Amino acid sequence: MKYVWIWLLLPALAASAQPGPEHNLRFDSLATRWDEAMPLGNGLLGALVWKKDGKLRLSVDRVDLWDDRPMPGIDQFNFNWVVQQVKKGQYDTVQKMGDAPYERNAAPTKIPGAALEFNIGALGKVVSNQLDIQTGINTIRFSSGVIFTTYVHATAEYGVFTFENITTPVLPEMVVPAYASGENDGGASSVDGQSLRRLGYPRGTVTPGANTITYHQPVYDGNYYEVLVRWKQLPGNKITGMWTISNNTSATLSAPGKATLRKARKKHAAWWGNYWQRSSVNLPEPLLERQYYLDMYKFAAVARGNTPPISLQAVWTADNGKLPPWKGDFHHDLNTQLSYWPGYTANHLDLTEGFTNWLWKTKEENKRWTKQYFGVDGLNVPGVTTISGKPMGGWIQYSLSPTTAAWLSQHFYWQWKYSGSQRFLEEQCKPWFNEVFRYFNNIRVKDSTTGKYKLPLSSSPEYNNNSINAWFTGFTNYDLGLVRFFYDKYAEVTGAAASGSNDFPYFDTDSAGLTIAPGHPLTYSHRHHSQLISIYPLKVITYNNAAGKSIIDRSLAQLARKGTRNWVGYSFPWTACLYAQTGNGDSAVSMLRKFASNFVSVNSFHLNGDQKGGQYADATYRPFTLEGNFAFAQAVHELLIQTRQGVITLFPATPAEWRQAAFQQLRCEGGVLVSATMREGKVTQLVLKAEQAGPVKVKLPFASFLLAGRQRPYEAKDGVLTVSMKKNEIITIKQMAQY
């Protein structure tokens, strides 16, 4: 073991780059569509700021507003029955039981809150409309000199709005959802959004008061919610107000006085300041850097440790008189998982824990369903659920998949690995893995031909959509990848002597790489890269050995040959993550450019379809969901830093044309924060901070290097530097030539 002088930095690392004015949303008018509005949120409450029928509109929402009734008939069949029906080729019976109720019934579903409207006809033309993502504050300036500002408080259950320089009062009006009026549309699909009237709610009551309006809306089974707005006229031609939404409690608000609002804004600003100090990136491409910061802004707006997880639209339910696309539910065949991808590397574990906290909270319901549907003890999770974890059905190959819990287990694993928390390991991660392990040991069956275990029936989202051909009697590479990943990580989490993953077969491949399932190659362009899940995010197949490299190269070549015509927005950043595993930064960045230019709204929302008339994909529709945005942010991280077999690699997939890039305090497994700078294509500085004591391994970016400070053991071997670090220690590593 060698020793070297290490430069010990005592002050906490501070990110040198923050979102700036160039990253903000800036317009000279108000949006006239809800999905182009200025988005505000705090993980619980959300608002969309736009214009409708000439009025300024705040569409206000609360993430736990749900009609959580059980899906009718969903518990009247089970997996064994499905297996038998598939074997008999009678899939219409399965669709009738498992899928038809999702379209036939309006509920269960996420439901909207209400809207506040302001008559701005006398205020003149809008001359600027800006969302400052560094503070989460939207400011609108009118030609009359009136200034409107609004934000959703980062840590409290209310939003704030203010009009300045007014000469006549501009007071809020309450606009309620069309639960009791409008078309009772029974024909619209769950993607287009069905009529709110189909929910059957009684008419809510709107009660005006002295500078207040309260909206009380009864919903299913005696539940209700309330929306309250309260305002006050202040000296200096100013009106300020607050709004909130309560769920099954009476809505209350303090008077919006100057002192109250001053304190509120100070706390709000402090939260956002802390959020942006956690990490940052510098990219040489303005389009990608701006999209990254807008996506990380949205992550802060929709995620908290103590709120329900990120659903399809989170705190921004569609304000178009309909139910949200796909009922705004929790899709675990891709959507929730991708939505949390960037939080770990971006150093926001306080927000990612909201996902595992919710999964932990709903696990008893999931265990009940596992016993009812699969007929075994242990823990699986429906692929599509309500807010309380109840199954919703749909395309049951995926909505009732036998492997959902394995993918969700990755988030327990990541929450542990990125934090290094022994407490989380013992109290949540290990017990979760034990229950899922119990389930898989009970559900698996032995293949009499190979002697290996498999599932009774397998699928690969969303290949062959909702037909009987979406089921496979052989192990799909999607399900197999999840099972092998789970058994490998189970051994690591629990300290088991052997993982048990080799009790299952290895991945099926042909000359074109990974197949969908044995005897079933990828035959057409497909949006969901489910057959490649073992490459990313599971990283079960890696580029670190010849066999893995061959499989990955062939699989990505086939993906390119099939093209992007049947893709949707999220397909592009996921592909960027796949390319990043090979170091192919050129192809990865090409995918990110296509996403940022064609698959987002003007306010940066992921709209699924190609918004430039089908330039890259045939789908040109625009249902808003969030997972594509957050997959994009994670793809940026994968360009800048990766951990491969415990070794941190810097700038592993930046394109050759990127001569300059940097990042500050990105988090790696083991609780290590890393900052690095690249200039003229070479790494010039590396800073490590260890939140846990232990060895840290880094692939050396320098031919010769210097660590200055007090004596600390290190080893440099085969291009990898191993440094033993103390808890909270910070070291800087530079090229020797700089000294």
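This is a predicted model: local features need pLDDT of at least 70, side-chain atom pairs count only at pLDDT 80 or more; totals for chains, interfaces and linings use all residues.
## Where α6 meets α7

Thr 336, Tyr 340, Gly 343 and Tyr 344 of helix α6 touch Leu 349, Leu 351, Thr 352 and Phe 355 of helix α7, where contact means heavy atoms within 4.5 Å. Numbering runs from 1 along each chain as its sequence is written, and side-chain values use heavy atoms, with hydrogens and water left out.

As for geometry, α6 (residues 335–345) and α7 (residues 349–361) pack at about 155 degrees with their axes 8 Å apart. Axes here are lines fitted to C-alpha atoms, for helices over the stretch in contact, and angles run from 0 to 180 degrees between N-to-C directions. The two helices are therefore roughly antiparallel (over 145 degrees; under 35 is roughly parallel, 65 to 115 roughly perpendicular and the rest oblique). The crossing of α6 past α7 is left-handed, meaning that the near helix is turned anticlockwise from the far one by less than a right angle, with clockwise being right-handed. Helices (H or I, at least four residues) and strands (E, at least two) are DSSP runs, numbered from the N terminus.

## The loop between them

Ala 346 sits in the loop linking α6 and α7, and with a relative accessible area of 0% it is buried (under 20%; exposed is over 50% and partly exposed in between, using a 1.4 Å probe and protein chains only). Setting aside neighbours within four places in sequence, Ala 346 contacts Arg 278, Ser 279, Tyr 292, Met 296, His 637 and Leu 666.

Asn 347 counts as buried at 7% relative accessibility.

## α10 against α12

Helix α10 (residues 404–419) and helix α12 (residues 477–494) have axes that come within 9 Å and cross at roughly 35 degrees. This crossing is left-handed. On the α10 side, the contact residues are Ala 406, Trp 407, Ser 409, Gln 410, Tyr 413, Trp 416 and Lys 417, and they meet Tyr 478, Leu 482, Phe 485, Phe 486, Lys 489, Glu 492 and Val 493 of α12. By class, that makes nine nonpolar, two polar and three charged residues.

## A helix on the inside

Ten of the ten residues of α14 (residues 571–580) are buried, so this helix is largely enclosed by the rest of the structure. Among them are Phe 572, Trp 574, Cys 577 and Tyr 579. What do these buried residues of α14 pack against? Their partners are α6, α10, α13 (546–562), α15 (585–598), α16 (627–640) and β27 (641–644).

## Buried polar side chains

Gln 397 belongs to helix α9 (residues 396–399) and is buried, with a relative accessible area of 0%. Its side chain makes a polar contact of 3.1 Å with the side chain of Tyr 91, and another of 3.5 Å with that of Asn 466. A polar contact is a pair of N or O atoms within 3.5 Å; within protein, one must be able to donate a hydrogen and the other to accept it, and residues adjacent in sequence count only if both atoms are side-chain atoms. Not counting residues up to four places away in sequence, Gln 397 touches Tyr 91, Ser 459, Asn 465, Asn 466, Ser 467, Ala 470 and Trp 471.

Over in strand β30 (residues 672–679) is Ser 675, which counts as buried at 11% relative accessibility. The Ser 675 side chain reaches the backbone nitrogen of Gln 665 at 2.9 Å.

Two cis peptide bonds are worth a look. One runs from Ala 107 to Pro 108, with omega near 10 degrees, and Pro 108 is in the loop between α3 (100–104) and β7 (109–110). The other joins Pro 461 to Glu 462, with omega near -20 degrees; Glu 462 is in the loop between β23 (458–459) and β24 (471–472).

Lys 539, a residue other than glycine, has a positive phi near 55 degrees. Lys 539 is in the loop between β26 (513–514) and α13, and at 29% relative accessibility it counts as partly exposed.

Key. Ala, Val, Leu, Ile, Met, Phe, Trp, Tyr, Cys and Pro count as nonpolar, Asp, Glu, Lys and Arg as charged, and the others, Gly among them, as polar.
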